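Visitor: Please take a close look at one part of this model for me. I would like the part where the two chains meet, then its surroundings.

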Amino acid sequence: MKKFLKYMSPFAPDQSGACSVFYELGGLIVICDAGGCAGNICGFDEPRWFDKKSAIFSAGLRDMDAVMGRDDKLIEKLSYAYEQLGGNFALIVSTPVPAVIATDLKSLERMCTKKLGIPCIAIDSTGTNLYDKGEEKAWFRLFETFASETFEVEKGKTGIIGATPLETGFTDSKILKKYLSDCGLHNTVIYSMGTDLDEVKKASSCEKNIAVSVSGVKAAEYLKERFGTPYEIAYPFIPDKIMSTVPYEKDCRILIIQSQLRANELRKKIGRPNTDCATWFTFKNEYALENDAALKGEDDLTSLISDRNYDVIIADSDAEKLCRDAGFSGTFIDFPEFAVSGRISDLL
Amino acid sequence: MQKAFYKTAKEIVETGFDALPSELVSSKHLIYSSPATLSFNSPGAKGYGVKRAGLAVPGSVMLLVSPGCCGRNTSLFKSSPEYKDKFFFQLLDDTDIVTGRHLMKITDAVREMLDFLEKRPSAVMICITCVDALLGTDMERICKKVTEETSIPCVACYMYALTREKRLSPMAYVRTSVYTLLEKQKRENKDMNILGFFSPISSSSEIFDLLHDSGIKNIRELARCSSFEEYKELSKANFNLVLNPEARHAALDMQKRLGIPFIEMLRLYQPDKIHNQYMLLKDAIGVDFDDSVLYENTVKCISDFREKHGKLRFAVGEILNADAIELALMLVKEGFEVKSVFATIGELNYSFLKALAKLSPDTKIYSNLSPTMLNYEPDDIDCYIGSDCLYYFNDKPGIEWCEDVEPFGYDAVCTLFNRLDAVLDPKTN
């Protein structure tokens, strides 16, 4: 049965992705929900939340708010919080409730901007999509809203788009910087990780950008069109430890299940033929090789395993039982994927 | 930037319950999301939310029918052995929500679950969320249909965060749901149930001895039922003892359906009030017991602690197995100072607040949920109690006091002070 999970738990949703992009940027973030979504986003999908404070709130919607469509009440509450706390901008993140009652998010943006006098962005996440969809919208709106001024290009300066903890499993930008440094990139701006909104505003000063996730490509494309900044697609954060776990046999058939760019980079590092990539998340044909696959549900993985007879699977261990029950008897290598299991392992 | 909002106990009582400041009324402001509010926003992230609570029926499994986001944090406990093969997810997409077609697939999902499971479950708890609340889904009817087609009992569980402040909140509703599979049978004179929690009352609580000594033979709790057969025996009870107001609706339902009357008690920490409650219980069920030794021991336990550690200054949070204000009141009555309380003020604990205001007018009352808590700077205290306080005072000694086993009675008070002693005693540390 499609969209039915027997082995896995649901993956990080789009609303978590949207919050992840804006978490460190100093705005007021309002999750337009009754509370449960905020609990899931912060308590499960945002590892920075336990150590790094952010002005992140639940709208605290109640049934009559939803039935009556009391948008004005939300703006009133937001305005009250702004009076108390200030903030660079306001972000309203939609969830299933506003999606079902068809809340006019554009109108909310306008009302909020008018009332608070600061930029307001509303992301139309629905809770039915996955984190990278929410991130894609958020990255695009972030740069579209704030990267409007043209600055002089700084030679060697590289912007990194897409490196949220949900994507990389890293919560500390210093570790990411180290990986970039190892690749010869010493002057980098990792957007939304250890950087503030001013860096976003100065995005045009980058000589080039690197989109490290599929969700960052649309924003990178925007910056290319807006300022002529070229961009590359790469994922420079593959932990060395994972490489030491891959078996030596040259002709073994390997399946990597990770987000697409991460899986591609790992395949490149492994450097063997017969290595396929699959992902639970966004799958773009332009980044795929012949036998790569999009997994829309557990049944897709079962079919893939029975069709391709793999010797090694590299994936989050949440999928191991599913793989075994699908007939896989080879070596399973655990490579945690935060958006799947919410785990950060010592591999990272 | 405004400092964290608070009012003193005296200030709140002077203005009255009907005129609480906006910052202390959750519906009047945005809800700040910090680790101290996680249990408010997402009760299941720690302790019991609807999903985990729904599985209190022994041998049951759960089908969550919702957008993916609602089941996201299930990974937290899905990996523990007791929840292995317990959770299944039917994920909704946009078309499902618009057309309601997901409701037609629930029977297929349940069939697939039954095929997958090695052992037939006792029941399938079908959990729906805010989306179906807004769609007006009649899940009772769907459960009936699934039961007819699969011969497995199905029970609806409502994880409707939208209705959390209604008289019948999701947690009160699920407390009712988990008893709906009970069938009427002959009641036994010497049997009773304790209702209120999803985890068992601490075995060391005196309540068991007091009741056994007064002639009660079987004291049952849902959390102690290890099989569906044991669960079914809950309907033999002569009466239910309700220890948490959230279980009142369940008790009323059992009274109506199964003819089991109920008595209510509160979990209190003031020794004199615990004694009063036991006396009322004794009269209500027509038995005799003497708790005077227990009372004296408890008073001595507190007095020994006070003598050893002095007049400590406490912060009391609300994520704990107690009512924050009642616990603060007990501490003040016993000679300690309470600098700050993090609490949601309701009708029930307002009466405790009035008493607290008389004895400790300057105690600061904060709401974890206020946006201004972003700027909270810790008060000067010696010790904290409460999981939320751990977030604010992680450099101070204290206890979370929110384990899965539920403390109750004099035993709870003594255990609390013993635990505090353990963290404050330099020898132990």
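Visitor: Which residue of β2(B) stands opposite Ser58(A)?

Guide: Ile31(B) stands opposite Ser58(A). First, the ground rules. Residues are numbered from 1 along each chain as its sequence is written, while chains are lettered from A and ligands numbered from 1 in the order in which they are written. This is a predicted model, where local features need pLDDT of at least 70, side-chain atom pairs count only at pLDDT 80 or more, and totals for chains, interfaces and linings use all residues.

Now the pairing itself. Strand β3 of chain A (residues 56-58) joins β2(B) through two bridges, and the two run antiparallel. Strands here are DSSP runs of E with at least two residues, helices are runs of H or I with at least four, and both are numbered from the N terminus. Two strands pair if DSSP finds at least two bridges between them.

The sheet holds five strands. Their order is β5(A)-β4(A)-β2(A)-β3(A)-β2(B), in an open sheet with mixed pairing.

Over four bridges, β2(A) pairs in the parallel sense with strand β4 of chain A (residues 90-93). In that pairing, Val30(A) is opposite Ile92(A). Helix α4(A) packs on this sheet and touches β2, β3 and β4 of chain A. The direction of α4(A) makes about 150 degrees with that of β2(A). Axes are lines fitted to C-alpha atoms, for helices over the stretch in contact, and angles run from 0 to 180 degrees between N-to-C directions.

Stay with Val30(A), which lies in β2 of chain A (residues 28-31). Val30(A) counts as buried because it has 29 C-beta neighbours inside 10 Å. The cut-offs: buried means 20 or more other C-beta atoms within 10 Å of a residue's own, exposed means 12 or fewer, and partly exposed is in between, with C-beta atoms placed from the backbone. Leaving out residues up to four places away in sequence, Val30(A) touches several residues, including Phe57(A), Leu78(A), Ile92(A) and, from the other chain, Leu30(B). A contact means that the C-beta atoms of two residues, placed from the backbone, lie within 7 Å. Leu91(A) is 61 residues from Val30(A) along the chain, yet their C-alpha atoms are separated by 6.0 Å.

Helix α4(A) has a helix partner too. The axes of α4 (residues 71-85) and α6 (residues 105-116) of chain A come within 10 Å and cross at roughly 35 degrees. Ile75(A), Leu78(A) and Tyr82(A) are among the α4(A) residues in this contact, and Leu108(A), Met111(A) and Leu116(A) are among those of α6(A). By class, the contact has seven nonpolar, one polar and two charged residues. Ala, Val, Leu, Ile, Met, Phe, Trp, Tyr, Cys and Pro count as nonpolar, Asp, Glu, Lys and Arg as charged, and the others, Gly among them, as polar.

Back to the chain contact as a whole. Chain B gives 50 residues and chain A gives 52. On the side of chain B, elements that each supply at least two residues include β2 (31-32), β4 (87-91) and α6 (106-116). That side divides into 27 nonpolar, 15 polar and eight charged residues.

Five bridges join β4(B) to β3(B), and the two run parallel. Here Val65(B) stands opposite Gln90(B). β3(B) also pairs in the parallel sense with strand β5 of chain B (residues 123-129), over six bridges. In that pairing Val65(B) is opposite Ile128(B). Seven of the seven residues of β3 of chain B (residues 60-66) are buried, so the strand is largely enclosed by the rest of the structure. In a regular strand the side chains alternate between the two faces of the sheet. Ser60(B), Met62(B), Leu64(B) and Ser66(B) point one way from β3(B), while Val61(B), Leu63(B) and Val65(B) point the other way.
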